[in-house]
Amino acid sequence: MNPDWNDDEKLIDALRDALASSDEVPTAFVDAGKAAFAWRTIDAELAALTYDSAWDSLDALAIRSESAILRSLTFASDGWTVELELTPDAVLGQLDPPEAGVVSARGETGKLATTDIDDLGFFVLHPPPNVPYRLVCTTTSGTTILTGWITP
Amino acid sequence: MRDDPTVVDLVTRARDGEKNAWDELVERYAPLVFSVCRRYRLAPPDIDDVGQSVWLRLVEHLPGLREPAALPGWIATTTQRECFRLIRSTSRVEPVDLAESPDVPEQAIAEEEVLRHERRTILRTAFAELSRRCQLLLALLIQDPPPPYDEISRRLQVPIGSIGPNRARCLTKLRQTPALALLAADGPDGFDQGTRG
């Protein structure tokens, strides 16, 4: 792959290709990439997926496509567990150990929805996000827990 | 380009929370992500999906990135992996010979795209270092097909007879820019400078 830019014609060709290649990338594509930096500022405990009811099914894809079927997920970090039930109308969540606070769903481009977590650690996000998201739970005692990605 | 000090600097600053440095990284490597996606013939919405996953992974990956100079390779490979994931999960695109011939060609494609991206970046940097007059002239000459010389003469207000010599002069200047000179000094993969005078 020697560029052989000693040749005027080949250098002209290479320059055309170089300048065109930066033009073909849509501005929105670049901007979305820049926005991704916002995730960095979330200093949170990462809660990883430890259970997905879809795993129990022999045909996980069938469950995903049937939105009427309830799906439950469990995310866990060292000290916290977030249990979720995804229904067509809402995301029901339970923080364990129970503590009040605020929970938001964040998609790739930013905050999608926010709601309170009650004293028993329970919350309802209604309606559920329709794009992939992560939940950020901030408790009143100041802990932030970030779940893995959830694909509706 | 192997140990591009700019990239190392940008990664370090982005890691420290400098949004500007991150923006610059994205601007620099968005074309790489884009061209890898194009290699797998992804549709625009799918390219957006892959892009998002790649950038989010990079945000998470920044603190653990031990060799910032290896970033382009990491980006190309990660993009590729995200492309496969998407192709598999949607099967909207026929996974042509992807499944049958895994590792070797994949890696070759990633390396090829990294190289191509490096060259394009070098050329764009070099072009930006040229004088305004050279930039204007070359911008016209790289059109496909280029406008006739009398039109160039009219638009740039230069004698027709000077266009040919200026073309050669500007290309020589392009080869002599620090960006290209660096590539020439980079070994067998570069080019032999100055043999054409």
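Two strands pair if DSSP finds at least two bridges between them. Strands (E, at least two residues) and helices (H or I, at least four) are DSSP runs, numbered from the N terminus. This is a predicted model: local features need pLDDT of at least 70, side-chain atom pairs count only at pLDDT 80 or more, and totals for chains, interfaces and linings use all residues. Residues are numbered from 1 along each chain as its sequence is written, and chains are lettered from A in the order in which they are written.

**Strands of chain A**

| Strand pair | Bridges | One bridge |
|---|---|---|
| β2(A) and β3(A) (81-86) | 6 bridges | A:Arg71 with A:Leu86 |

A hairpin of 4 residues links β2(A) to β3(A).

**Chain B**

Chain B has 9 helices and 0 strands. Of its 197 residues, 30% are buried (20 or more other C-beta atoms within 10 Å of the residue's own, C-beta atoms being placed from the backbone). Two residues are in contact if their C-beta atoms, placed from the backbone, lie within 7 Å. Among the chain B contacts with a separation of 6 or more, 69% join residues 24 or more positions apart.

**Where the chains touch**

Chain B gives 34 residues to the contact, and chain A gives 28 residues. On the chain B side, α2 (19-39), α3 (44-61), α5 (103-129), α6 (132-141) and α8 (160-176) each supply at least two residues. The largest share, 9 residues, comes from α2(B). By type, this side of chain B holds 18 nonpolar residues (Ala, Val, Leu, Ile, Met, Phe, Trp, Tyr, Cys, Pro), 12 charged (Asp, Glu, Lys, Arg) and 4 polar (the others, Gly among them).

Key
Buried ≥ 20, exposed ≤ 12 C-beta atoms within 10 Å, placed from the backbone.
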